[in-house]
Amino acid sequence: MSAPATTITTARIRPELFPEQIVNVSSRALVVAALAALVLSGFALRAYRLDAEGLSEDELNKVRAVDEYRTRGLTPANGEHPFLMKALLTASAVAADRWNATDYVSADRAARAIPQETWARLPGAILGALTSVLIFLVALELFGAEVAFIAAALWAFDPQAVAFNRIAKEDSFLAFFFLLANVFWLRGQRAAEEGRRAEPFYWATGVAFGAMMASKYVPHFIGISGSYYYVFQGLRETRWRLGKRRWLIFFVFMGAAFVVFNPTILLPGTWHEMRTFAGERRIGHDSYELMGELYPNQMSLWLRGVPWYFYYVFMAVKLPLTVAATAVVGFVLLFRRRLGDGRYFVLFWLFLWFFPFSVLGGKFTRYFTFALPAVLITAAVGTHFVAQAFARAVTRLREGPNVVTARALAASLLVCLSAYATVTAAPHYRLYTNALGAALRPAGDFFPHDEFYDSGVRDAAREAARLARPGARVASETPELFQHYARLAGRDDLTSVSLSDPAALAATREGDLVVTAPGRRYFSNSALVARLRAESQPAAVIRHGAVEAARVYVLDAGGAGALSAASGR
């Protein structure tokens, strides 16, 4: 690499590719106001009807861990996952309980109380909205103010970003603290190149990386920042050099922060839970449904598991078409030297995420939360380029708008199209499918496990509670989640069993119930579910708009016998 030192110092877009910048970053009040508007708008989308869908099986595990912390203190509950997210969920639960205990709520509890679905998902929604600020600050260091604003806006309004931030899982926290760490990392680079004291930025980076690891155990993502750092170490001109001593202090800060934010790591039971999880002994189901086909879903199966093209299909059908198209344009631009040295950071980010997650055999769409900011920053680069080309074209017209107005209008239009897609998908954002996807398959048919994420189980349990005879058995693929909601519906008498348990199904009789849901079809139950759909009519169907989210069957004598016989084959 033979780029001049000035490129390293600023790490900004070069004038040859993106000439003048519209945004004057010296106007801090304008920048703060614009970012505040993005954060508030993004939060409104993320917080809208957070309880519109019931908890998933994974989310219920988090709620139970919070309950255990509140009654027993720190325990290894849900110990295969770090503590930081659950600590924030605990704070959210305490705040919700205090709110629900007020006289204001007592006057109209049904309308004013905060349900568990809301408090469990609220921390992720808050951090997800604030992530727009971090994306802006990272992209500002890499590519300049205009690209930074576009990237922040795309994140605020992207349907999948909103959807991922509305589930109580660790991925939103991982992305937030990774970006926070790199805000400090890139500021440290700039401070070092400008001859200012950079150590505070290094130590802050270490603390943020400690919080990242206390959110999800993926330490290898630190390699993205490390790779970017070492790109410059072969250049004599660079001043961004930590040296052995500062690297050691960096890791001390990171380790200390990791323990502070994740104290349950000190419990022996946590290590037992982690070993069990790492040995893939916590996998509850044998497959994943992708576009109507079932595939084994284990990390260790590598290319014999879920297909390598999983996330590429996801981007093609789940991102707004304008975002997908500009991301392709931006990706091509990342290989042009005139874009500046900041492009290396995004390239490392994309490579070190997409390469392993393409070849690993276990996949879920929520893992894409970490890669999505990089994709949207790339799309912002492409959007800026397209807007610039549009501006050049229209300003050639007589009495056309000036270049600044034309560029701003073009970029705003592309962002607004993304916002429109999100608003029309509310509140079931995960079901959003772009025009290309809709032409190929109905909504919910590409990645049904993740598109529904057990969203219909709560309402199915309520229907089952209404329909079931006393002491009935209910078979589903989420027995603990069903039992949780059945108890909330006042039916402690119902026995919840697994639809994939032949012994339990052999005992079914007339009057028992079966609950089926999209995304919960597996090798173990596929034939049985197909037969049930062909031979029986559901007593209740749960829908999200026009999309079917669950079915409840009440077995007659013939249905119970057929189910028992099918389970024995």
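**View A. Where V474 meets β5.** The bridge partner of V474 in β5 is L513. This pairing comes from a predicted model. A475, for its part, sits opposite V514 of β5. Strand β3 covers residues 473–476 and β5 covers residues 513–516; the two run parallel and are joined by 2 bridges.

**View B. From β3 across to β4.** Here we turn to another partner of β3. Strands β3 and β4 pair in the parallel sense, with 4 bridges between them.

**View C. The whole sheet.** Stepping back, you will find 5 strands in an open sheet, ordered β4-β3-β5-β7-β6, and the pairing is mixed. At the edges lie β4 (495–498) and β6 (540–544), each of which pairs on one side only. From one strand to the next, the twist averages 20°.

**View D. Helices on the sheet.** Two helices deserve a look here. Helix α22 (residues 457–467) packs on the sheet and touches β5, β6 and β7 (547–554). The direction of α22 makes about 25° with that of β7. Helix α25 (residues 526–535) also packs on the sheet, where α25 touches β5 and β7. For α25, the angle between its direction and that of β7 is about 80°.

Terms used. Residues numbered from 1 in each chain as written. Predicted model: local features only at pLDDT ≥ 70, side-chain atom pairs only at ≥ 80, totals over all residues. Heavy atoms only, no water. Pairing = 2+ DSSP bridges. Axes fitted to C-alpha atoms, helices over the stretch in contact; angles between N-to-C directions. Contact = heavy atoms within 4.5 Å.
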